[in-house]
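Please keep the sequence and the coordinates at hand while reading.

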Amino acid sequence: MATVLEETGIWAKELLLNGCQAVAQGVKLADVDVIAAYPIRPYTEVMDALSRIIADGELDSEYIVADSEHSQFEIVKHASSVGARAFAGSSGTGWMYGFEALVVTATDRLSPLFLVGNRALDDPGAFGVEHNDALALRDMGWLLCWASSAQEALEHVLIGYRIAEDNRVRMPMALAMDGAFLTHSQHMVKLPTQEAVRRFLPPYDLGDRRLHPDNPVSIAPQVNEDWVMELRRQNWEAARRAKGVVAQAYKEYNAIFGSRYTSPYFEEFMIEDAEVALIGLGAVCMPARTAVRRLREKGKKVAYVNLRWFRPFPTEELRAVLGRMKAVGVIDRDFAHGSPDSGGIVVHDIRSCLYPLKNRPAIANFICGLGGRDISIDDCIRMFEVTTEAPNRAAGDELVTWVGLRE
Amino acid sequence: MIKRVEVNYRGIFQKNLGKYIGSDIVMIASRMGKVAFSNGRYSDSPERNGIPCKYFAFVSPDLGEEELEAECGAKLDIDEADVSVVLDDTMVKGVEPWGWHGVRPINEKVREKGCLLVFSRHSHDELVEHIGKKPFPYRLATVEGDASLAGLWVNKDDLTRERCLGAIAAVDPGIISIEAVEAYLLDKTKEGHRARAAREAYDATLRRIKLVAPGQGIDWPHKIPVLPKWHEFQEGGVVVPAVKRGFELGPRGQTRNDMFKRGTTKTHRPVVRFDLCIKCTLCWLDCPDECFDPTDDGLYDVDYEVCVGCHKCAAVCPIPECIVMVDELKFKDDSSPWEAHKRNPVEYIKWAEEKKGKERLNYPYVTGTGYEVTEGQTVPPKLATGAKP
């Protein structure tokens with residue numbers, strides 16, 4: 001296998017890696033300059049793997065163990081401002097603890113990449129996956145995307161830096177990955193060659209914004225009220241430009257590495273003639289797509305959309321695909337207590353995205369898999385059944401169904 | 001069809017070992033043209049000393065990768081196992097990996113005609129005396145040897161990994177074949193002794209498989225908790241009733257968290273010679289888990305349900321042979337040793353000396369580097385029978 005891969009010049013080798021180790025390999029291939037670490041499960045194994053890679057002499061990088069997530073994120077923010085490619089990561093409440101640093105990284109328009117090993121927010125202290133930690137970034141001017149396999153996780157470290165560091169974007173990037181189900185599951189992962197990565201990912205160049213003695217500038221000084229709205233407008237512009245940059249990055253990734261990604265923002269499964277679709281983030285795609293295959297065998301016209309990018313949100317693209325459905329079921333592995341209809345976070349963006357359509361599909365929302373609760377194939381089949389019935393729902397019926405709850 | 005392997009290991013000491021075995025199964029099955037993947041159960045931290053944890057490997061000859069993962073990968077635990085490997089035989093007494101789960105039988109997941117594969121020097125009959133009964137027949141196989149215990153970053157290269165692969169091939173060739181195990185180890189390491197270790201374990205294990213009949217084993221003594229429905233518990237997060245203030249003298253006179261006792265973390269337990277005790281309080285004071293209960297005669301009873309076998313009491317006890325760590329499998333229950341001592345001191349001393357045996361464990365200063373076994377000191381003949389000096 002190894003020799004065949006090497007002959008392509010694109011793929012160096014194939015290794016059995018879990019999601020955390022795959023991310024670490026991505027960081028190594030991206031030749032990251034500064035890594036700040038602070039442990040919290042399930043992210044911890046990423047920093048473990050990176051420290052080993054550095055100790056083995058495979059990567060020349062500053063590796064700083066911080067005293068908290070807050071310091072960890074501040075370190076990479078500052079590193080990013082002097083032109084260093086920087087990496088950090090966290091999970092759950094640790095991620096939330098560093099939030100002040102995360103917010104300012106976006107407003108400073110710096111481009112470190114963060115791995116979020118999704119974890120339930122305490123209390124109670126639980127380790128399972130829940131998406132609220134990463135989704136808390138959604139309004140902060142970040143790039144936010146989910147990997148749904150170890151291979152995708154590795155590749156999205158490269159794709160992520162490419163987009164985040166693009167001069168038209170200059171936004172920080174959060175790569176989310178389901179705790180346990182992806183972070184600690186071992187798969188065969190193909191590693192690209194350093195040469196191929198070099199072709200895809202140019203060096204990080206801040207240009208005249210680089211903080212350096214030869215380029216004396218101040219980044220983020222105090223300003224008065226008369227600056228903020230204009231700054232926000234710039235952020236908005238960057239977020240809008242990011243849409244095109246994301247598309248271009250996948251196009252070039254496909255050109256170099258073979259066309260694996262059919263669409264940059266989400267991946268449709270059996271959508272062509274479908275009438276009912278489920279959409280969700282992360283590892284739930286595995287039981288969901290299996291459910292689609294089983295229902296298709298019975299002649300049901302169902303599909304699954306694996307939503308990869310949440311920020312920037314693929315509004316027009318989703319309208320084009322989901323607008324054709326009779327009903328759309330949104331799987332939320334998160335919660336938005338007190339929100340309209342007490343749904344999840346994702347459903348509100350999907351529903352508002354589809355609302356302007358004349359023949360908009362009926363929407364169903366599912367809260368499931370919280371805190372790492374299993375989402376089985378049967379659960380997904382049930383969600384398809386409920387979604388199929390959504391167009392017949394009477395006014396006043398609940399939008400939201402909790403799946404897998406002890407009730 | 002899916003074959004499921006569960007590898008029960010002791011947190012941190014065997015974390016790398018468990019993971020390597022899972023990875024190896026995936027690699028070997030892939031070389032055999034099957035689809036496979038491996039993951040770990042994510043409950044309490046596998047970084048904590050002695051915590052019972054699990055790694056899984058799933059193998060299918062006919063399913064696609066995604067289908068296999070959808071069936072198995074999206075779950076925290078498995079419903080049933082074709083092979084449950086036990087890398088440390090003291091776990092046959094049951095495992096309590098996390099709060100609110102109770103102490104679960106080690107063969108809980110073993111399916112009908114499946115196999116419980118234990119690294120042990122004990123006989124099948126001795127092991128079955130600790131294991132819960134099942135309504136259907138299953139197989140029990142042993143690989144002769146001690147638990148291989150290493151540390152956080154290291155894997156003790158003592159061929160346990162290779163022997164385990166050979167033994168799995170012996171009990172269920174539908175998962176991996178011994179020929180594939182040998183070829184993989186040779187290709188990977190170019191070291192013949194690794195393949196030979198697997199083959200020897202394979203041959204030996206084939207001779208050490210016994211059928212356990214339905215109903216053979218013990219009535220499970222531990223209650224398995226039923227988790228409440230969402231409207232059945234108090235609002236405001238998970239609330240555990242407080243430990244009551246003060247305590248009573250005597251066995252279990254202190255109240256402790258009933259939901260997570262952690263006793264299955266231990267591989268050894270302290271045996272106390274109450275007649276040698278000088279009442280210095282050090283065991284009670286230094287025990288990190290507060291498992292010593294003061295008694296009305298100034299002694300300290302041990303609550304073995306909460307003892308994690310950390311060895312601290314034996315280390316701080318100033319009297320030779322008063323507290324000695326003994327293999328957990330020598331004990332059938334967690335009853336109070338102090339009560340036994342009160343009932344019949346002479347019998348108790350005889351019992352304690354018999355349990356202590358001649359071997360003593362010497363722990364190194366670096367956690368996780370394993371312990372040394374040496375010949376124990378001899379207790380003076382008079383003391384050994386309980387007579388006052």
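Two residues are taken to be in contact when heavy atoms of theirs lie within 4.5 Å. The model is a predicted one. With that criterion, 33 residues of chain B are in contact with 33 residues of chain A. The size of an interface is often given as the accessible area lost when the parts come together. For chain A and chain B the buried area is about 3000 Å², and carbon and sulfur atoms give 52% of it.

How many salt bridges are counted between chain B and chain A? The count is six. In one salt bridge, the side chains of B:Glu71 and A:Arg294 meet at 2.8 Å, N to O. The number of residue pairs in polar contact between chain B and chain A, both residues being at pLDDT 80 or more, is 10. On the side of chain B that touches chain A, the elements that give two or more residues are helix H1 (15–31), strand S2 (35–40) and helix H2 (65–72) of chain B. H2(B) gives the most to this side, with six residues. By residue class, the side of chain B that touches chain A divides into 14 nonpolar, eight polar and 11 charged residues.

Strand pairing also runs across the boundary between the chains. Strand S8 (residues 185–192) of chain A pairs with S2(B) in the antiparallel sense, over two bridges. Within S2(B), B:Ser38 stands opposite A:Gln186.

The sheets of chain A may be considered next. Strands of a sheet pair through backbone hydrogen bonds, either parallel or antiparallel. One open sheet has seven strands with mixed pairing, in the order S3-S2-S4-S5-S7-S6-S12 (chain A). Strand S3 (62–65) and strand S12 (309–311) of chain A each have a single partner strand, so one side of each is left without a neighbour in the sheet. From one strand to the next, the twist averages 20°. A:Cys145 has A:Trp309 in S12(A) as its bridge partner.

Strand S10 (residues 276–281) and strand S13 (residues 327–332) of chain A pair in the parallel sense over four bridges. A:Ala277 stands opposite A:Val328 in S13(A).

Over all chains, a search of the whole structure finds 63 salt bridges. One of them joins A:Glu252 to A:Arg162, with the closest N and O atoms 2.8 Å apart. Because A:Glu252 lies in helix H10 (residues 225–257) and A:Arg162 in helix H8 (residues 150–165) of chain A, the pair ties together parts that are 90 residues apart in sequence.

A further side-chain pair involves A:His70, which is placed in helix H4 (residues 69–81) of chain A. Not counting residues up to four places away in sequence, A:His70 touches A:Tyr97, A:Gly98, A:Glu100 and A:Ala101. With A:Glu100, the side chain of A:His70 makes a polar contact of 2.7 Å.

Some backbone details remain. Most residues other than glycine have a negative phi, and most peptide bonds are trans. The peptide bond joining A:Asp123 and A:Pro124 is cis, with omega about -5°. A:Pro124 is in the loop between strand S5 (113–118) and helix H7 (132–135) of chain A. The bond from A:Arg311 to A:Pro312 is also cis, with omega near -5°, and A:Pro312 is found in the loop between S12 and H12 of chain A. In chain B, B:Thr281 has a positive phi of about 75° although it is not a glycine. B:Thr281 is in the loop between strand S8 (268–272) and helix H7 (282–286) of chain B.

How values were computed: Residues numbered from 1 in each chain as written. Chains lettered and ligands numbered in written order. Predicted model: local features only at pLDDT ≥ 70, side-chain atom pairs only at ≥ 80, totals over all residues. Heavy atoms only, no water. Buried area = accessible area lost by both parts, 1.4 Å probe. Salt bridge = Lys/Arg side-chain N within 4 Å of Asp/Glu carboxyl O. Polar contact = N/O pair within 3.5 Å; in protein donor to acceptor, adjacent residues only side chain to side chain. Nonpolar A, V, L, I, M, F, W, Y, C, P; charged D, E, K, R; others polar. Pairing = 2+ DSSP bridges. Axes fitted to C-alpha atoms, helices over the stretch in contact; angles between N-to-C directions.
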